[in-house]
Structures are given as C-alpha cells and as structure tokens.
Amino acid sequence: MSSMRMTSDLRRELILNAAKRCFARHGFAGTTTKSVAAAASISEGLLFKHFPTKSALYAEILADECDADPGLKGLLALEPSTETLVVLVRGMVGHFRQASEAPEQEEAQRLRLMMTSQIDDGEFARFLYEKIGSLIGPVFTASLDRAVAAGDASRVGRESLNLFWFAHHTVFMAALSRLPAVPCLTYGNAADLERQTCEFILRGIGLNEAAIAEHLDRELSPDQMRAVARESV
C-alpha cells in the first residue's frame, strides 16, 4: 500500500510541475487540462483522477506556493497579539491595492478569476477560501482574542472568523472596482485610501482608537508584507 501511495504522490507532483510550466507560459485561460496532461506525459483521464478540473489544479499550485513561502511561515509563527492583528490587516489592504494598480499583472488576473468563479460554479473560490481560512484564520482569531483580553478591542459578534472574511471581502471588492482600464470608482489618493481602509476594517473588527494609533503606523518588514500578500488572494 505504501508503494502505491508513493507512486500516486510522485505522479501528483509530476502533474503539478507540468501545470506550473503550462500556466506560466500560457496563463490560466490559455492552458487546458489536455495540454497539462501532455506536458506530464500522462492521459487526461489520469490527470482527472488527481485534479477533477483546471480550477482545482491551479488552486493547488497557489496553495503549494503558499506552503513553501518562508515569509508566510514566519508570519504564522508570530505571537498572537494586537500588533500581529494590525500586520495582517495592513498587509491584506496593501496587497489588494497594489494588485488593482497593475491590472495586467498575475495577481490582478487572479482577482478576476476569483470573481468569475464566485458567479459561476464557485469551485476555485471555495478551494482558495478554505486554504486562506485554514492558514490565516487561526492567527487572526487568536490575535483578536488577545487584543480583547488586553483591552485593545471590544468583542464584535460571536464568530470572530467572520470578521476576517468581512475584512477580506471589503478589500477584494474595492480592488475589483479599480481593475478596468477606466476604474468603476475613483477613490482618490492611494496612500490616503490605504490608511482609510485599514482604519475602517480595524474599527469594524473592534479595535479602539488608542490601539489603532499605536500600531497602524509601525513599519512592516518586507517579509511580513510578502507573507500576507501571498495569502490575500
């Protein structure tokens, strides 16, 4: 049984490596499961035994990239705290702003793919939401609990993880409005927008004004910014 499992794992890795090359060369729209199967030297039917759709395959690649990111591992190892909570929110807001300002780049294309998935069958979006929630959710909720215990925040509702999703949806929709060549909505100065969005979210999840003032202007390290950016989409 262990030999069969190893063979299956190796084949799955072979498929993922072939898919990475295909997506890098042709993008999501230009890649087909048939082309990935050919690049992996297997049948399309065998590919479907491991990944039922192209969306599932692409989402798994993104998830593997996150798992291999040392910056993300460092972020997840941070002690839950009010500061860690603010780092998560700032990183999320900054990432979505940057993605919307470069509409032809890979991250902006992923935003479009997420939006399309949510108005279609939802498969790709569900996979990524599950991955994001399992990685970032525990850090967010534990940090929010610490902030409440420290007197830096008030409890908002009974489901703390919902506050994370509310924050994510806020920046996601704001970024979508800026993706077209002519933005659907002009917010004004980018730096002001980023801070205003952070303040809006932090107040919404229960942080008080003193905690926001203390932590929001602290400098984020490059590793922290990259780690949160990796998970935001």
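A residue is termed buried when its relative accessible area is under 20%, exposed when over 50%, and partly exposed in between. In this predicted model, W165 has a relative accessibility of 16% and therefore counts as buried. F164 also counts as buried, at 2% relative accessibility.

A pair of aromatic rings is described by the distance of the centres and the angle of the planes. Seven aromatic pairs are present in the structure. In one of them, F23 and F28 are stacked, with a centre-to-centre distance of 6.0 Å and an angle of 5° between the planes. The rings of F164 and W165 form an edge-to-face pair, because their planes meet at 65° and the cut-off for this class is over 60 degrees; their centres lie 5.0 Å apart.

F23 has a relative accessibility of 9% and so counts as buried, whereas F28 is partly exposed because its relative accessible area is 21%. Both F23 and F28 belong to one aromatic cluster, together with Y58 and F124. F28 additionally has a charged group over its ring: the charged end of K54 sits there, 4.3 Å from the ring centre.

A further buried residue is H215, with a relative accessibility of 9%. H215 lies in helix α11, which spans residues 209-215. When neighbours within four places in sequence are left aside, the contacts of H215 are with T82, E83 and V86.

Definitions and conventions:
Residues are numbered from 1 along each chain as its sequence is written. This is a predicted model: local features need pLDDT of at least 70, side-chain atom pairs count only at pLDDT 80 or more; totals for chains, interfaces and linings use all residues. Side-chain values use heavy atoms; hydrogens and water are left out. Rings of Phe, Tyr and Trp (its six-membered ring) pair if their centres lie within 6.5 Å; planes under 30 degrees apart count as stacked, over 60 as edge-to-face and the rest as tilted. Buried means under 20% relative accessible area, exposed over 50%, partly exposed in between (1.4 Å probe, protein chains only). A charge sits over a ring if NZ of Lys or CZ of Arg is within 6 Å of the ring centre and within 35 degrees of the ring normal. Helices (H or I, at least four residues) and strands (E, at least two) are DSSP runs, numbered from the N terminus. Contact means heavy atoms within 4.5 Å.
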